[in-house]
Amino acid sequence: MTSVQPIPEALSALDRPNSYIGKTVPRPNLDRLMQGRGLYVSDIELPRMAHVVFVRSPHAHATINGIDVSTARQMPGVIAVVSGRELSTVITPWVGVLSHLKGLKSAPQNAIAIDRACWQGEAVAAVVANSRAQAEDAAERVSVEYQELDAVTDMRAALSPASAVIHASLGDNLAFERNHDAGAVDQAFAESDEVIEAEFIFGRHTGVTLEPRAVVADWNPAEARLTIYQGTQAPHMVQNIAALHLGLKESQVRVVCKDVGGSFGIKVHIYADEMATYALSKLLRRPVKFVADRVESFNTDIHARDHRCKGKIGVKRDGTITAFEIDDLTGIGPYSMYPRTSAIEANQVVNLVGGPYVTRNYRARARVVFQNKNVMCQYRAVGHPIACSVTEGLVDLAAMKIGVDPVEIRRRNLIADDAYPCASPSGLRFEQLSHHAALTKLVRMMDYEALRAEQSSMRARNIHRGIGIASFIEVTNPSAAFYGVGGAKISSQDGVAVRLDAQGSVICQTSITEQGQGSESLTAQIVGSVLGVSMDRVRVILGDTDNTPYGGGTWASRGAGIGGEAALQATKVLRRNILDVAAAILQSTAVELDIVNNAVVTVADGAPRIELSELARIVYFRPDTLPPGIQPELMATRHFVPREYPFAFTNGVQASWLEVDIETGFVKLLKHWVVEDCGTIINPQLVDEQIRGGVVQGLGAALFEKCVYDERGQLTNANMADYLVPMSGEMPDIDVGHVVSPTLESELGAKGAGEAGTAGAAAAVTNAVNDALKPFGTIITEIPLTPQVILTALGRI
Amino acid sequence: MTAAVAISLSVNGERIEASVLPRLNLADFLREHLKLTGTHIGCEHGVCGACTVRVDGDIVRSCLMLAVQTHNAKVETIEGVSDSGEIADLQSAFRERNALQCGFCTPGMLMAAQDLLQQSPTPDREEIRAHLSGNYCRCTGYQAIVDAVETTARVRAGRLP
């Protein structure tokens, strides 16, 4: 690892004997998952639990003229059949807007559609029965009379005066528009030697969590309390929203999140059918379970990307990039999603384009339009793959035009590693990035020159291999600037409570959540290191609003950076408290003592003085033997939120090495490299695996994944056989390297790592495909790069 | 609706007598009737592999097999092969290599990996990748899984004479 910044003095709390920081240690509790003894929401059963199945609109846009439930109600096992209007007596509608996204508009959305369905898959009625099979049988007998309406499907046509307006009250189909103009763009283009334009097209795709969304809602009227078991990344957000729309206080709602079968942003939102499930439990006064089937997942889990972005770059013959300009258009479905809104991705695209580069000349327009397709919202690396693909695609086009090597043009234009702090052309503040160190490391890892030589010799044999490079920046550790300032009750701070139990073990409650990233592990590593106890003595509790401090959860690459710092600070307090008690017992002073290997020791010679278990025994059971006036406090709580920088930006660079079969159009990925800088690395293995997993999701978008809609708004590949995701046989090995620039906002110094892989993978692959196809004079700026797209570009079909 | 059918089978070595509807698939039977929730359901049409179990020694997609078809069969699930210790080394390799994140695909992945190692004791990476291609993982990107299976194969080969 290359350190581009000295480790600050303050990191001493982490640099203790037997520290787990920076070490690969296995995650606790993996055995549970490997032995089939996990507890996912789909596994949960409660007494009197009923199952809900939703009747969903087969039309993209239709008036609901009538619903006949009489036959369904008579079916075996049926408890209730509920329409949207009936359910609206217990749950209020919502509008997915935030005040800091100026001008963003949306229409009221109901848990179950009333009068009108706006996308294929929107729920129009709920059937509740004793078993799911019975509910499915009865759902088939619900007769809905629809009158089909004109559907708005093509985002390019949505703003045309000839287009139907989805929500008449909004006046048009424009949900949000943002314009940005920095520097002197027109002058910069005029002074450029070359100006290159291209349109980049991104397929609509989705997260495909292997466990579908699932909820068990349990309204207990005797306690006047709703317990929601849900695989969510943000339990306190769910608590707030459920309470708000069911007319409850937050204290009446408990959200419990056990094991989560994949999330990636899909499960950071609150869906209409989940709201309906909470409401049904309240209406029926019993637990109700909803588990989406795979077709429902494709039709209702948020989709993402689906952008068409026109881009323009100016460059001088010496390789200096003079300006970037983009015009981005995206279609988000019929409603802005709740409560995070569907304008964030386009907003991020505007924020991030051109971000790694020196030029300050940047103009952008982003428009977000409504359409009659499934809702779109934030999915892993929100906006980053779009911004990165556009930026890096343009940079490669510029390099190609002036005949400069892709690595060289980046060297000439990336912000210098000693230029920080500084700001991006869109006004984002960078604390410390390391683009050049990362690029240098990448070039070495991949042996760039050797690959170029290999490419050249292969070309002579009519084998077409390509190298693609993509630098990127990534938003992590978001402050309240992300959601809170816009009025969303989504916490940007996190809290950790840590206590010594009566046998000298540690119980740690944290508000961040676990979906497999290793939140539990990184928390235990920090607590164990700072306190001086072994990790097997640290038990981490998360995912329960009744039993953790209040906080945001795990999303936007914030768990380690924000929740980790809260754990560090809480544990420092506990350590001081323990040493104070130890000093009293040992007739010493706290500064002369330390905790190492589960025992209090003398700093001077490391001699063990008292085991933590013995200290805890005295505190909890024989406090009468302590000196007068000593009140031990073996529990400490601390919260943390970044205040100085709205986001802790990270950076990195990726490279793809691949082969294009010009006869079949198939792309074979040969190798992929990533160098990234997430600041302090708590567990190298977990960081690398986050990067690899993120890369592969980006590779899916680059090559396979697309929700294919027809012109009537019908999703034509809503199953796993027709919607392709990466399989093990097609994926390359991925080498990961690091540069370490800790953030000084926290003592821990950690930034996020969960989205870096996804941010740049597709850009690297697209650039590599274009590099491979260079002899054919063809440029492709559309993903997924299916054989059809490639053969079309080659003029073969 | 067709009437329930009596079936008799062995599940993880236990004798099971049950009365099931003909339409009930094996995955739902294991999860809902026997509460063996380690077998997961990801796609319900035989693509993702999360529901992989062993029936009479062969791995099958339990979402594509009907419970009535297991009459007189020997069914083994992740709970069974875990408790017997049969895949303890494979599980250990997965733990050391962090070859799982959310863990939802993992029971099926382990069943498929063990099947490969029984058929082909020293598979190369390409063989491992090919054999596991029917088991989707959305978290890891597969490399750690391939590493863990490769490690297990090597260790097992070293143990053999």
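In the predicted model, strands β17 (residues 321-331) and β18 (residues 362-369) of chain A run parallel and are joined by eight bridges. Within this pairing, Glu325(A) is placed opposite Arg363(A) of β18(A). Helix α9 (residues 344-352) of chain A packs on the sheet, where it touches β8, β16 (307-315), β17 and β18 of chain A. The direction of α9(A) makes about 170° with that of β18(A).

The sheet itself is open and consists of six strands of chain A in the order β8-β18-β17-β16-β9-β32, with mixed pairing. Its edges are formed by β8 (174-182) and β32 (782-783) of chain A; each has a single partner strand, so one side of each is left without a neighbour in the sheet.

At the level of domains, chain A is divided into domain 1 (2-38 + 493-640), domain 2 (41-149 + 212-260 + 266-300) and domain 3 (384-475 + 647-793). The centres of domain 1 and domain 2 of chain A, taken over C-alpha atoms, are separated by 40 Å. Contact between these two domains involves 15 residues of domain 1 and 14 residues of domain 2 of chain A. On the domain 1 side, the contacting residues comprise three nonpolar, ten polar and two charged residues.

Between the chains, the contact draws 41 residues from chain A and 42 residues from chain B. On the chain B side, two or more residues each are given by α2 (78-83), α3 (88-97), α4 (106-119), α5 (125-131) and α6 (143-159) of chain B. Of these, α3(B) gives the most, with four residues. By class, the residues of chain B that touch chain A divide into 19 nonpolar, 17 polar and six charged.

Key
Residues numbered from 1 in each chain as written. Chains lettered and ligands numbered in written order. Predicted model: local features only at pLDDT ≥ 70, side-chain atom pairs only at ≥ 80, totals over all residues. Contact = placed C-beta atoms within 7 Å. Nonpolar A, V, L, I, M, F, W, Y, C, P; charged D, E, K, R; others polar. Pairing = 2+ DSSP bridges. Axes fitted to C-alpha atoms, helices over the stretch in contact; angles between N-to-C directions. Domains from an automatic or database assignment.
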